[in-house]
Amino acid sequence: MTIKDWPQDERPREKLLAHGAEALSDAELLAIFLRTGVPGKSAVDLARELLSSFGGLPGLLAADQRRFCEGRGLGQAKFAQLQAVLELSRRYLMTRISGQDVLTSPEATRDYLKMRLYGSPHEIFACLFLDNRHRVILYEELFRGTIDGASVHPREVLRRVMDTNAAAVIFAHNHPSGVAEPSQADLHITKRLKDTLALVDVRVLDHIIVGEGDGTSFAERGLL
């Protein structure tokens with residue numbers, strides 16, 4: 001039985017239009033993106049198979065071109081489509097925090113950072129450079145490491161702060177394990193960075209760890 005033979009209120013597109021995208025499962029959303037299945041499998045069945053093969057949605061979205069194109073029913077055209085969708089999402093989230101005080105939109109700021117960092121198999125340390133009104137000047141990934149951690153160099157962070165003329169910063173990094181609890185190393189480097197930037201009167205407003213769920217905010221935890 002193909003999706004066209006399903007009851008209308010169970011078809012992914014019709015279900016989305018009737019109830020909104022949030023009502024659909026990951027497999028149903030992916031099926032809409034895939035559009036068609038393969039011989040013997042509907043688009044939803046294929047989507048379930050792909051999610052299982054890639055270890056869930058994060059694995060699929062973070063897959064590189066070679067790995068993605070190895071998936072059944074996928075290829076370069078769908079890889080290009082997916083990358084375009086992801087980039088549009090990032091740009092949309094950036095528009096929500098650009099031109100305004102990021103402290104008035106902490107949810108949008110966290111969503112943007114998660115969109116940039118979630119699902120990476122390697123640890124990435126990034127920074128939002130802010131002006132004196134806490135508006136975004138630039139987002140930049142400063143350091144990349146292995147799954148065991150990234151080496152963060154305060155002198156390099158200070159150099160980029162001076163280059164951008166930032167008055168404040170928000171740091172962020174991901175935990176590939178998905179566990180967003182700060183480690184002792186996270187606490188130590190945050191203190192070093194805060195002390196270093198204090199010498200040039202630049203404030204560290206937050207350090208966000210991206211993982212499963214909402215992640216962890218150092219500011220909300222009182223860790224700054």
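In this predicted model, P154, V157, L158 and V161 in α8 meet I189, R192, L193, T196 and L197 in α9. By class, the contact of α8 with α9 has seven nonpolar residues, one polar residue and one charged residue. Helix α8 covers residues 154-164 and helix α9 covers residues 184-198. The two pack at an angle of about 45°, and their axes are 10 Å apart. The crossing of α8 past α9 is right-handed.

The protein as a whole contains ten helices and five strands. Its C-alpha trace spans about 65 × 35 × 30 Å along the principal axes. The protein has 224 residues, and buried residues make up 41% of them. Contacts between residues at least 6 apart in sequence were also examined: 55% of these join residues at least 24 apart.

Helix α1 runs over residues 12-19, and helix α2 over residues 26-34. Their axes are 9 Å apart and the packing angle is about 115°. The helices α1 and α2 are therefore roughly perpendicular to each other. Here α1 passes α2 in a left-handed crossing. On the α1 side the contact is made by P12, R13, K15 and L16. On the α2 side it is made by E28, L29, A31 and I32. Five residues of this contact of α1 with α2 are nonpolar, none is polar and three are charged.

Helix α6 spans residues 76-97, and helix α7 spans residues 106-117. The axes of α6 and α7 come within 9 Å and cross at roughly 155°. Angles over 145 degrees count as roughly antiparallel, so α6 is roughly antiparallel to α7. The crossing of α6 past α7 is left-handed. From α6, the residues L86, S89, R90, L93, M94, R96 and I97 take part. They meet A108, T109, D111, Y112, M115 and R116 in α7. The contact of α6 with α7 divides into seven nonpolar, two polar and four charged residues.

The structure holds four aromatic pairs. One of them is formed by Y112 and Y139. This pair is edge-to-face, with 5.5 Å from centre to centre and 90° between the planes. The pair links distant parts of the chain, with Y112 in helix α7 and Y139 in strand β2, residues 136-144. The two tyrosines are 27 residues apart. Buried means under 20% relative accessible area. Y112 counts as buried because its relative accessibility is 3%. Y139 counts as buried because its relative accessibility is 12%. Elsewhere, ring pairs link F125, F143 and F171 into a cluster.

Neighbours within four places in sequence were left aside when the contacts of L46 were listed. The remaining partners of L46 are L34, T36, G37, V38, K41, R72 and G73. T36 is ten residues from L46 along the chain, and their C-alpha atoms are separated by 8.8 Å.

Two loop residues have positive phi angles. R35 is not a glycine, yet its phi is positive, at about 75°. R35 lies in the loop between α2 and α3. Exposed means over 50% relative accessible area. R35 counts as exposed because its relative accessibility is 62%. D201 is likewise not a glycine, and its phi is positive, at about 60°. D201 is placed in the loop between α9 and β4, the latter covering 203-210. At 69% relative accessibility, D201 therefore counts as exposed.

How values were computed:
Residues are numbered from 1 along each chain as its sequence is written. This is a predicted model: local features need pLDDT of at least 70, side-chain atom pairs count only at pLDDT 80 or more; totals for chains, interfaces and linings use all residues. Side-chain values use heavy atoms; hydrogens and water are left out. Contact means heavy atoms within 4.5 Å. Axes are lines fitted to C-alpha atoms, for helices over the stretch in contact, and angles run from 0 to 180 degrees between N-to-C directions. Helices (H or I, at least four residues) and strands (E, at least two) are DSSP runs, numbered from the N terminus. A crossing is left-handed if the near helix is turned anticlockwise from the far one by less than a right angle, and right-handed if clockwise. Ala, Val, Leu, Ile, Met, Phe, Trp, Tyr, Cys and Pro count as nonpolar, Asp, Glu, Lys and Arg as charged, and the others, Gly among them, as polar. Rings of Phe, Tyr and Trp (its six-membered ring) pair if their centres lie within 6.5 Å; planes under 30 degrees apart count as stacked, over 60 as edge-to-face and the rest as tilted. Buried means under 20% relative accessible area, exposed over 50%, partly exposed in between (1.4 Å probe, protein chains only). Angles under 35 degrees count as roughly parallel, over 145 as roughly antiparallel, 65 to 115 as roughly perpendicular and the rest as oblique.
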